[in-house]
Amino acid sequence: MTSQNTLFEKIWQSHLVVQELDSPAVLYIDMHLIHEVTSPQAFNGLREKGLKVRRPDLTLATMDHSTPTKDLLLTSIDESGLKQLQQMETNCQEFDIPLYDLDHPQRGIVHVIGPELGRTQPGMTIVCGDSHTSTHGAFGALAFGIGTSEVEHVLATQSLLQYRPKTMCVEFSGHLPKGVTAKDLILALIKEIGVGGGAGYVLEYTGEVIRALDMEARMTLCNMTIEAGARAGLVAPDNTTFEYLKNRPFAPHGSAWDQALAQWRTLQTDPSATYDKKVSLDTSAITPMITYGTSPDMGVLINSPVPDPEAEPDPTRRAALRKALNYMGLTPGQALIGQKVDVVFLGSCTNGRITDLRAAASLLRDRKIAPGLRMLVVPGSASVRRQAEEEGLDNIFLASGAEWRYPGCSMCLAMNGDQLSPGQYAISTSNRNFEGRQGSGGRTFLASPLTAAASAISGKITDPRTLMV
Amino acid sequence: MQIFHTLQSIVISLPHDDVDTDQIIPAQYLKVTDKKGLANGLFAGWRYLSSGKIDPDFPLNNPHYRDAQILLAGGNFGCGSSREHAPWALVQWGIRAVISTSFADIFRINALKNGLLPIEVETRVHKLLIETIKDNPSLEVTVDLPAQLLSMPDGIQTKFPIDPFSKKCLVEGIDPMAYLLNHLDQIAAFENKQVPADL
């Protein structure tokens with residue numbers, strides 16, 4: 001019998017340049033994404049060492065974190081943000097890297113444009129100085145976040161020093177109940193295994209539920225894999241993947257497409273291959289999920305009450321829950337349904353794609369958001385924005401009272417001025433509910449676009465199923 | 001990279017689990033194009049009151065700990081964002097080692113590249129350290145990286161793991177980039193045998 005390998009092992013083996021005793025592997029990187037926040041110090045390092053960018057052609061640069069979303073005017077951001085954008089332009093010019101700058105028709109959040117352009121392809125190794133690089137694992141690519149020192153390594157050598165992670169199979173079985181999306185699946189998984197549960201592992205998502213997900217849902221799932229502490233998430237490519245990629249600008253064309261397809265079809269975990277760990281989740285019992293705390297694993301089924309820290313047997317966990325509820329201003333045992341919300345943020349690399357906007361618009365059509373509530377709709381990319389406008393979604397959002405914004409990371413991490421005020425409650429389709437993440441003192445409930453839209457209408461946390469026909 | 005050999009210091013205790021890199025340094029402090037001034041943002045959400053004044057109850061603001069070089073943290077320290085600004089800020093403030101039961105993967109990798117030693121200890125040792133330091137905030141512990149030993153003054157010692165490559169880089173002050181640059185021939189050979197991508 002030939003050797004049996006997992007999908008992860010196949011990608012790892014095919015990118016191994018050198019593996020010496022007592023040293024990390026030298027792993028070749030097929031695509032390096034860079035943005036303005038985590039790359040400037042890496043370029044400084046290159047200059048200090050007199051190094052060049054080895055493969056500008058395998059490097060894709062964009063601006064997303066510090067960029068304005070109210071308009072595209074540089075006067076809309078502060079001086080330090082502006083300096084980062086200008087530095088990015090200088091760096092890309094000097095090192096000959098293609099830059100999807102503010103005026104580029106295909107710019108957007110780095111993890112939205114990579115797939116959109118067809119740059120993200122099965123079997124690749126993809127890195128970025130951004131933890132949500134795990135998003136690209138949806139295509140069966142090994143994709144993970146790196147620090148700025150490593151950004152410098154990849155710029156200079158197109159390679160990275162890596163220890164081989166372990167593998168975990170996460171099987172989703174059952175069916176997707178009404179109102180349950182990929183966002184709810186990943187929040188349920190993180191609740192189950194914890195924010196450190198995936199540490200040291202690459203997760204491969206398997207099962208009938210995953211096969212039925214479209215590419216954008218798979219991206220949502222892989223995106224938040226980092227929130228379980230995992231190195232990366234993977235979904236083996238299938239016809240859904242290939243259909244998505246076909247005819248994208250950077251996807252192979254003609255006979256190269258056929259060759260690529262033949263190779264991509266081999267990117268499956270072999271039937272007798274073994275993982276270091278296996279986890280199974282029956283999705284039939286999952287409902288829309290929402291977080292109540294300050295860590296993505298503090299999540300519950302939306303109709304559940306806020307947990308009581310005193311019922312938690314582990315003292316460290318008990319202390320963490322107390323601290324989280326204190327920050328969130330929530331009472332143990334209170335229902336989450338009906339909790340007042342001040343702001344709704346629809347966007348981010350987690351849920352800022354066209355299907356996310358369509359889902360939210362399906363509930364907001366012919367409805368108004370609650371008086372006094374602020375809703376920001378921030379498309380993940382310029383292409384998503386255009387597509388939404390072609391479909392008239394912008395009019396639905398605007399008529400409902402929401403703000404229709406330009407693409408960027410925006411309120412997900414509140415670097416560009418889009419932020420919560422202290423004490424405000426937000427339902428956010430982004431990925432992190434950490435203290436102060438969306439603005440100092442801001443309080444975040446993470447949920448799906450459906451739940452966010454339903455809650456925008458009532459001004460309170462609302463089960464989207466009550467509005468779904 | 002700054003050489004790491006041995007270290008003797010009092011310990012700042014901040015043993016909450018799952019301290020994410022947004023807490024270590026909030027995003028508003030990332031709007032820089034160099035590495036300067038990041039210590040100002042270290043634990044900013046916890047160090048400063050909403051008025052902007054420092055919170056005297058937060059351990060980092062206690063003058064007793066101003067010269068402390070060791071942080072005793074909770075499990076899964078450094079989870080979340082990949083920002084290397086987190087170890088930069090810690091190092092700039094003066095921290096050279098973080099003790100915990102576990103570290104988030106990216107944080108550990110970033111720390112090791114900046115002369116910041118992540119020391120992973122068993123839960124039993126971790127609990128003992130928390131209790132001992134609570135009773136005696138002036139207790140000094142010793143880190144011996146070549147021997148991979150963490151020692152308390154009463155003679156209690158524990159061995160901690162580190163991969164041989166990172167240890168060598170820290171002890172000898174080697175930039176890991178040098179290792180990659182030494183393998184450029186192999187990297188070129190690898191590129192040459194790849195089927196050219198049809199982009």
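The buried residues of H4(B) pack against parts of both chains: strand E7 (142-145) and helix H5 (148-157) of chain A, together with helix H1 (21-24), helix H3 (85-93), strand E4 (117-120) and helix H6 (164-172) of chain B. This is a predicted model, in which local features need pLDDT of at least 70 and side-chain atom pairs count only at pLDDT 80 or more, while totals for chains, interfaces and linings use all residues. Residues are numbered from 1 along each chain as its sequence is written, with chains lettered from A and ligands numbered from 1 in the order in which they are written.

**Helix H4 of chain B**
- All 8 of the 8 residues of H4(B) (residues 105-112) are buried, so the helix is largely enclosed by the rest of the structure.
- Among them are Phe107(B), Arg108(B) and Leu112(B).
- Buried means that 20 or more other C-beta atoms, placed from the backbone, lie within 10 Å of the residue's own.
- Helices (H or I, at least four residues) and strands (E, at least two) are DSSP runs, numbered from the N terminus.

**Where the chains meet**
- 57 residues of chain A are in contact (C-beta atoms, placed from the backbone, within 7 Å) with 48 residues of chain B.
- H5(A) gives the most to the side of chain A that touches chain B, with 6 residues.

**A sheet in chain A**
- Here an open sheet of 5 strands runs in the order E17-E16-E15-E18-E19, with parallel pairing (at least two DSSP bridges between two strands).
- Its edge strands, E17 (403-404) and E19 (443-446) of chain A, each pair on one side only.
- E18(A) (residues 425-428) and E19(A) are joined in the parallel sense over 4 bridges, and Ser428(A) has Leu446(A) in E19(A) as its bridge partner.

Terms used. A residue is buried if 20 or more other C-beta atoms lie within 10 Å of its own, exposed if 12 or fewer, and partly exposed in between; C-beta atoms are placed from the backbone. Two residues are in contact if their C-beta atoms, placed from the backbone, lie within 7 Å.
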